[in-house]
Amino acid sequence: MVIYLIVSNKIHKSKNTILDSIVDILLIQNIKDIKVYEPKSDVYSDFIVISTASSNTQMNSALRKIVTYLKANGFEGISEGLNSSWILLQSEGLSLHIFLEEARDYYSIEDLYFDSNLVNQYG
């Protein structure tokens with residue numbers, strides 16, 4: 001499973017707290033190979049988080065917990081793709097892509113951000 005997270009200017013003001021909390025949620029959900037990118041030329045995103053999980057259940061659970069966290073902090077989101085190999089969540093400039101491991105390999109989304117700064121890497 002792969003997770004992409006894009007954090008907007010609204011979230012950017014408290015980006016460290018929000019971003020750290022979301023990464024914590026991913027780690028608690030046992031999501032692996034988490035990478036945080038800061039794209040240079042992306043109008044819609046300040047940060048992108050990419051990660052891998054092993055099942056739909058794990059992917060859906062992580063999405064539910066992140067949506068709950070965002071709502072508790074005053075952000076709304078739209079998601080699609082539950083129970084598939086790719087989940088998308090968009091919220092206030094935040095774009096979260098959750099892929100199963102095979103889908104991450106197939107789509108190779110990291111290649112789109114080859115010129116971005118790798119801010120952090122976990123696991």
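The model is predicted, so to speak of local features a pLDDT of at least 70 is needed, side-chain atom pairs count only at pLDDT 80 or more, and totals for chains, interfaces and linings use all residues. Residues are numbered from 1 along each chain as its sequence is written, and side-chain values use heavy atoms, with hydrogens and water left out.

Let's begin inside. A nonpolar core here is a set of buried Ala, Val, Leu, Ile, Met, Phe, Trp, Tyr and Cys residues joined through side-chain atoms within 4.5 Å; buried means under 20% relative accessible area, with a 1.4 Å probe and protein chains only. The largest such core has 25 residues, and Ile22, Leu26, Ile66 and Leu70 have the most contacts inside it. At least two of its residues come from each of helix H2 (15-28), strand E2 (32-38), helix H3 (56-72), strand E5 (86-91) and strand E6. Helices (H or I, at least four residues) and strands (E, at least two) are DSSP runs, numbered from the N terminus. Another core, of seven residues, lies apart from the largest one and includes Tyr37, Ile48, Ala103 and Ile109. In soluble globular proteins, nonpolar side chains tend to be buried together.

Now for the polar side chains. His97 sits in strand E6 (residues 94-99) and counts as buried because its relative accessible area is 16%. Its side chain makes a polar contact of 3.0 Å with that of Trp86; such a contact is a pair of N or O atoms within 3.5 Å, and within protein one must be able to donate a hydrogen and the other to accept it, while residues adjacent in sequence count only if both atoms are side-chain atoms. Val49 is 48 residues from His97 along the chain, yet their C-alpha atoms are 8.4 Å apart.

Thr52 belongs to strand E3 (residues 48-52). Thr52 is buried too, because its relative accessibility is 10%, and its side chain has a polar contact of 2.4 Å with the side chain of Arg104.

Key. Buried means under 20% relative accessible area, exposed over 50%, partly exposed in between (1.4 Å probe, protein chains only).
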